[in-house]
Amino acid sequence: MNGIDPGWLPPEAFRPLGARRVLIAGSGPLVDTVRREVSDACARFGGEIVRDGPYDLLLRLPDGEPVGDEEEFTVAREGGATTVTALGGRGLLYGLFQVVRLGEEAFSGALPREVHRPATALRMLDHWDNVAVHPVMGQVERGYAGGSLFWRDGRAREDFARIRAYARLLAACGINAVCVNNVNVHAVEAELLTDRIGEVAAIAAELRPYGIRTHLSVTFAAPVVLGGLSTADPLQEAVRQWWARAVHGVYEAIPDFGGFVVKADSEGRPGPFTYGRSHADGANLLAGALAPYGGTVHWRAFVYDHRQDWRDRTTDRARAAYDHFAPLDGEFAGNAVLQVKHGPMDFQVREPVSPVLGALSRTRSAVEVQATQEYTGQQRHVCWLGPMWSEVLRFRPEGGAGPTVGESARDLVAVSNVGDDPFWTGHPLAQANLYTFGRLAWRPDADPYRVLDEWIGLTFPSAPERLADGLHAVLDGSWRTYEKYTAPLGVGFMVQPGHHYGPSVDGYEYSPWGTYHFADRDGVGVDRTAATGTGYAAQYAKPWAEVYESVASCPDELLLFFHHVPYGHVLRSGKTVIQHIYDTRFEGVEEAEEARRVWAGLAGLMAPARHERVAELFEEQVRSAREWRDQLNSYFLRKSGVPDAHGRTIY
Ligand code: GCV
């Protein structure tokens, strides 16, 4: 593991635990993992694992009860000893990491009994990793952290120690599932389901000791492309039998296999529409095959027409997922989970919460976010997404006292931002996104800034306050800074087509992808109202349908997502839209420059390699932010003819 960054588990973070007398009561594979962790820490810091007698820390499972995967655990400190009691092996492991998080606090003073229980059943990372290098997308689709951790040049990598270390990091923030291949399943990757399941099993063996289940993306056309059948029609008996056999083979190789992830009828992927069947038919076919083994199918709701005519103002990509899936609520099998991107479009820096998440009272759902930062700086820019994800999870689709998205979702899924980069995430500070995702998935109502405190505390265990303050200064507002210098007021997609990095205001304006801003000389934005627009606003329940329908009540930051307004329209801030566009782009660049300055002042407070990597990336971030500012401002000045009220340089 030489040269690999320890992430949020540097050896030093284990000092308080490793210096103690620790009693471990229980048995099972995950208890063995706990024992190894404690024993390594004690070897380093002078403590010991004791069999009885006085102890500082007791890690225990209930006596004599069968131990399963249960995740709940309790931490308390009474009578001079700290006790972690868990209901299952995973719980004990999570309890151990909670003690690490608490540090010295776990061993001093009183610690009132606290029960920790995850709010979501499954907290999964989807790797968009290809087995073979794809001619356009490379090894990892939208990957900005080097190559795949799992695959290289057509086969499974044998860097098992690295996979094990990854599993350890994930367990320490509560993640319990990983999907090991891209949802765009190409020919080579399709074979993982059958002939090459042994390679998946080898990866699963490294993830398992940290309580992580392995999932696989499969192609809906598998019976045709792998099985030689003439159809993949979900209602054909031969197709059903083919899937049953395939799934049986998977469980023979991986008895605790988690299930499938499926992208169907989306961006050219095969799906049930080919056979005139619904997505419930499709999902239930796979759910039926997985059910006898306790597996789950995560069926993605990212279904839309990517060959739209830009001249056609009636089709609205934002509507698509709801139009396809809301009518199917109640038709999905119990082990079919509808996996919904958090916004209706595609991981833009600002989108409303997907209305699908408010339309599934009888369907299990998973919220999908994107840690890889495809549209939020591609891990070249600092963009900590904790506050954005938290806003999504706290959103109440029915308003008032209705449940939040975080309360209704069964699972939380993130598109992984990890690769074989020595810093795991390409941008060393993007590790904070991964950690925050895991912790928010465990507790969707957690305060993201406190989660960031945890990440800082673990990653930099003996950090002086100055470093913690500096990291907060750089990270806390970084998402809003990114929003300021990129796309204004919820408009989205002003990026370079294809690779999606850097500005191109009209890059997607006359394309088939359904992502338009409709800027002309008078105004900008998409009319998605029920009264005069595409009707998207009416996909929400009240009060949101009304809030978004009216220009007067629509939140500023989403104004151009829902409305086409003149440049002179006055926002709640009292500024016109055009002045807001100019001001926020100038402010965003200044904030990026300021973050770069703060970062420079943190040199000497961390490993030089980490500081240097981020410093280099800040040069690129500031360059890119200036490019965004100048292209956006020049574009809108030229379209509108309205000068900047402050007379700043616009080209
Ligand atoms: C995996 C966007 C990305 C694609 C991705 C797709 C998806 O369109 O640009 O690379 O494909 O989302 O989520 O399926």
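Student: What should I know about the model before I start?

Tutor: It's a predicted model, where local features need pLDDT of at least 70, side-chain atom pairs count only at pLDDT 80 or more, and totals for chains, interfaces and linings use all residues. Residues are numbered from 1 along each chain as its sequence is written, and side-chain values use heavy atoms, with hydrogens and water left out.

Student: Which domains does UniProt list, and at which residues?

Tutor: UniProt positions are given in the numbering used here, with feature names shortened, and annotations may be inferred rather than shown by experiment. In an unreviewed entry, UniProt lists "domain: Glycosyl hydrolase family 67 catalytic" at residues 115-423. The unreviewed entry also has "domain: Glycosyl hydrolase family 67 C-terminal" at residues 425-648.

Student: How much helix and strand is there in residues 115-423, and in residues 425-648?

Tutor: Helices (H or I, at least four residues) and strands (E, at least two) are DSSP runs, numbered from the N terminus. Residues 115-423 are 26% helix and 18% strand, with end C-alpha atoms 33 Å apart. Residues 425-648 are 49% helix and 2% strand, and there the end C-alpha atoms lie 37 Å apart.

Student: On to the ligand. Which residues come nearest?

Tutor: A residue is near a molecule or strand if one of its heavy atoms lies within 4 Å of it. There are 14 residues around the ligand, and Glu141, Lys263, Arg300, Lys341 and Glu374 come nearest.

Student: Which side chain has a polar atom 2.6 Å from an oxygen atom of the ligand?

Tutor: That's Glu374. For Arg300, an N or O atom in the side chain is 2.7 Å from a ligand oxygen, and for Glu267 the distance is 2.8 Å. Taken alone, the ligand exposes 340 Å², and the protein buries 97% of that. Such areas come from the Shrake-Rupley method with a 1.4 Å probe; for residues, only the protein chains shown count as cover.

Student: What does the side chain of Glu374 join within the protein?

Tutor: A polar contact is a pair of N or O atoms within 3.5 Å; within protein, one must be able to donate a hydrogen and the other to accept it, and residues adjacent in sequence count only if both atoms are side-chain atoms. Here the side chains of Glu374 and Gln370 make one at 2.8 Å.

Student: Is Gln370 buried or exposed?

Tutor: Buried means under 20% relative accessible area, exposed over 50%, partly exposed in between (1.4 Å probe, protein chains only). Gln370 counts as buried because its relative accessible area is 4%. It sits in strand E17 (residues 364-370). Contact means heavy atoms within 4.5 Å; leaving aside neighbours within four places in sequence, Gln370 touches residues including Trp128, Phe347 and Trp389.

Student: And where does Gln308 lie?

Tutor: Gln308 is in the loop between strand E15 (296-300) and helix H10 (320-325). It is buried because its relative accessible area is 6%. Its side chain reaches the backbone oxygen of Thr315 at 3.2 Å. Beyond four places in sequence, its contacts include Arg317, Ser511 and Tyr516.

Student: How many residues of helix H16 are buried?

Tutor: Six of the eight residues in H16 (residues 478-485) are buried, among them Trp479, Tyr482 and Tyr485. The buried residues pack against helices H11 (386-394), H15 (465-475), H19 (577-600) and H20 (608-640).
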